[in-house]
Amino acid sequence: MIKPLFQNVLVMVNGTEASINAVRYAVLMARLYRSRVYALYVVDTATIKQLALNKIFVEEESAAYERSLAENGERYLRYVEELGKAKGVRIETELRRGAIWSETIAMADERKIDAILIGSYDASSCEQKEIASSTFKSVLLNARCSVLVVKERMIEQLYKLA
């Protein structure tokens, strides 16, 4: 018998509209394929450490920024759970600290993920685009499963109709 393609799906959440659209996509996948959905928010402590080493942040600023990111992450993950619950889909959420790409790969391996969903990033600054591009490439190159970039323009409407 053929193994279902999307038994376990992991969505990378960062609070952008693109990542929320990826969550909506995962919810629809769960309803269609009976997938188990996981959502991950990573507090990017690797970048925070780099900023501190380059003396862009002092230690107090680094700690405050990390706390702020963690609080935002918890808030986004609660919202993700609500999106799933509204459509009868349970989303298991997790907040981690570290490099975004390596924590994503680690969780994918731990949970035997079949597909990682990434929202098509819409970074505004050159620096954000560079970080997003670097993260995306690292996930794509190191993942042992499929990586799907969610670009569906009508996903919010499809989600509402589901």
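Met 154 counts as partly exposed, at 44% relative accessibility. Buried here means under 20% relative accessible area, exposed means over 50%, and partly exposed lies in between (1.4 Å probe, protein chains only). This is a predicted model: local features need pLDDT of at least 70 and side-chain atom pairs count only at pLDDT 80 or more, while totals for chains, interfaces and linings use all residues. Residues are numbered from 1 along each chain as its sequence is written, and side-chain values use heavy atoms, with hydrogens and water left out.

Met 154 is located in the loop between strand S5 (146-150) and helix H6 (155-161). Together with Leu 158 and Leu 161, Met 154 forms a nonpolar surface patch with about 320 Å² of accessible area. Patches are made of residues with over 30% relative accessible area and no salt bridge; like charges are joined within 9 Å, and nonpolar side chains (Val, Leu, Ile, Met, Phe, Trp, Tyr) within 5 Å.

## Overall fold

The protein has six helices and five strands, in the order β-α-β-α-α-β-α-β-α-β-α from the N terminus. Helices (H or I, at least four residues) and strands (E, at least two) are DSSP runs, numbered from the N terminus.

Of the 162 residues in the protein, 41% are buried. Among contacts with a separation of 6 or more, 77% are between residues 24 or more positions apart; a contact means heavy atoms within 4.5 Å. The accessible surface comes to about 9,800 Å², with 51% belonging to carbon and sulfur atoms. Accessible areas come from the Shrake-Rupley method with a 1.4 Å probe, and for residues only the protein chains shown count as cover.

## Aromatic pairs and charges over rings

The whole structure holds two aromatic pairs. The ring centres of Phe 6 and Tyr 33 are 5.2 Å apart and the planes are at 50°, so this pair is tilted. Rings of Phe, Tyr and Trp (its six-membered ring) pair if their centres lie within 6.5 Å; planes under 30 degrees apart count as stacked, over 60 as edge-to-face and the rest as tilted. Phe 6 lies in the segment before strand S1 (8-12) and Tyr 33 in helix H1 (residues 17-33), so the pair ties together parts 27 residues apart in sequence. Phe 6 is buried at 17% relative accessible area, whereas Tyr 33 is partly exposed at 44%.

The pair of Tyr 41 and Tyr 76 is tilted too, with ring centres 6.0 Å apart and planes at 35°. Tyr 41 is in strand S2 (residues 36-44) and Tyr 76 in helix H3 (residues 59-86), so that distant parts of the chain, 35 residues apart, are linked. Tyr 41 is buried, with a relative accessible area of 6%; Tyr 76 is partly exposed, at 22%.

## Salt bridges

There are 11 salt bridges in the structure; each is a side-chain nitrogen of Lys or Arg within 4 Å of a carboxyl oxygen of Asp or Glu. Glu 66 bridges to Arg 97, with the closest N and O atoms 3.0 Å apart. This pair links helix H3, which holds Glu 66, to strand S3 (residues 91-98), which holds Arg 97, across 31 residues. Glu 66 is partly exposed at 24%, as is Arg 97 at 44%.

Arg 111 forms a salt bridge with Glu 92 (2.9 Å, N to O). This pair links the loop between H4 and S4, where Arg 111 lies, to Glu 92 in strand S3, 19 residues apart. Arg 111 also meets Glu 94 in a salt bridge (2.9 Å, N to O). Glu 94 lies in strand S3, so this pair ties together parts 17 residues apart in sequence. The network of linked salt bridges includes Arg 36, Arg 90, Glu 92, Glu 94, Arg 96, Glu 103, Glu 110 and Arg 111.

## Helix H4 and positive phi values

The buried residues of helix H4 (residues 100-110) are Glu 103, Thr 104, Ile 105, Met 107 and Ala 108. Just after H4, Lys 112 has a positive phi of about 55°. Lys 112 belongs to the loop between H4 and strand S4 (115-119) and is exposed, with a relative accessible area of 64%.

Most residues other than glycine have a negative phi. Arg 34, which is not a glycine, has a positive phi of about 60°. Arg 34 lies in the loop between H1 and S2 and is exposed at 76% relative accessible area.
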